[in-house]
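Here is a short tour of a protein model, written to be read with the structure open beside you.

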Amino acid sequence: MRDEFNCLALKRGISPAVVTNANTAFVSQILDTQGLASATFALLTGSLSDANATFTVLAEEGDNSALSDNTAVADANLLGTELLATPLFTDDNKVFKLGFIDTKRYLRVTVTPAGNDAGDVYLAGLWITEPLIEPAPNPPV
């Protein structure tokens, strides 16, 4: 079996959170891709109890560390699509992923619910990265 432990660096994306009866966006931590060979965002759902809720996933990039120059990541620079990484209200306890190639230095993912007026939305996110220099630090930084 290949050693993945020393090849991957994990970074907090979205801390586990709940939005109740609201459409508050879940916004990931900004990922600095300097020194990384690859980056993938994993979105983890918990209970999605509102049967009317819909979701939109938006991947953004920029060269400013605060993403004040943010633009949507071009589809050609995504592995998978934002649509495939978007949960449905029936997608309780599932994991979705979105990969990035040839992007600008900083990345962010936002998940925005709509129609969440009668339930809870539980989400978390994780940046899975491959550093250019291995082994990856443990614990992750």
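## Overall picture

A residue counts as buried when its relative accessible area is under 20%, as exposed when over 50%, and as partly exposed in between, using a 1.4 Å probe and protein chains only. By that rule, 39% of the 141 residues of the protein chain are buried. What you are looking at is a predicted model, in which local features need pLDDT of at least 70, side-chain atom pairs count only at pLDDT 80 or more, and totals for chains, interfaces and linings use all residues. Residues are numbered from 1 along each chain as its sequence is written, and side-chain values use heavy atoms, with hydrogens and water left out.

The C-alpha trace spans about 45 × 35 × 25 Å along its principal axes.

## Strands and sheet

The protein chain has ten strands and zero helices. Both are DSSP runs numbered from the N terminus: strands are E, at least two residues, and helices are H or I, at least four.

Five strands form an open sheet with antiparallel pairing, in the order β1-β10-β4-β8-β7. Two strands pair if DSSP finds at least two bridges between them. At the edges sit β1 (9–20) and β7 (78–79), each pairing on one side only.

Follow β8 (residues 95–100) for a closer look: six bridges link this strand to β4 (residues 36–48) in the antiparallel sense. Leu-44 stands opposite Val-95 in β8, while the bridge partner of Phe-41 is Leu-98. Two bridges join β8 to β7, again antiparallel, and Leu-78 has Phe-100 as its bridge partner.

## The nonpolar core

A nonpolar core is a set of buried Ala, Val, Leu, Ile, Met, Phe, Trp, Tyr and Cys residues joined through side-chain atoms within 4.5 Å. The largest one here has 25 residues, and Phe-26, Phe-41, Phe-100, Leu-107, Val-111 and Trp-127 touch the most other members. Strands β1, β4, β5 (54–62), β8, β9 (106–114) and β10 (120–131) each supply at least two residues, with the largest share, five residues, coming from β4.

Which residues does Val-111 touch, not counting those up to four places away in sequence? They are Ala-25, Phe-26, Leu-43, Phe-55, Thr-56, Val-57 and Leu-123, where contact means heavy atoms within 4.5 Å.
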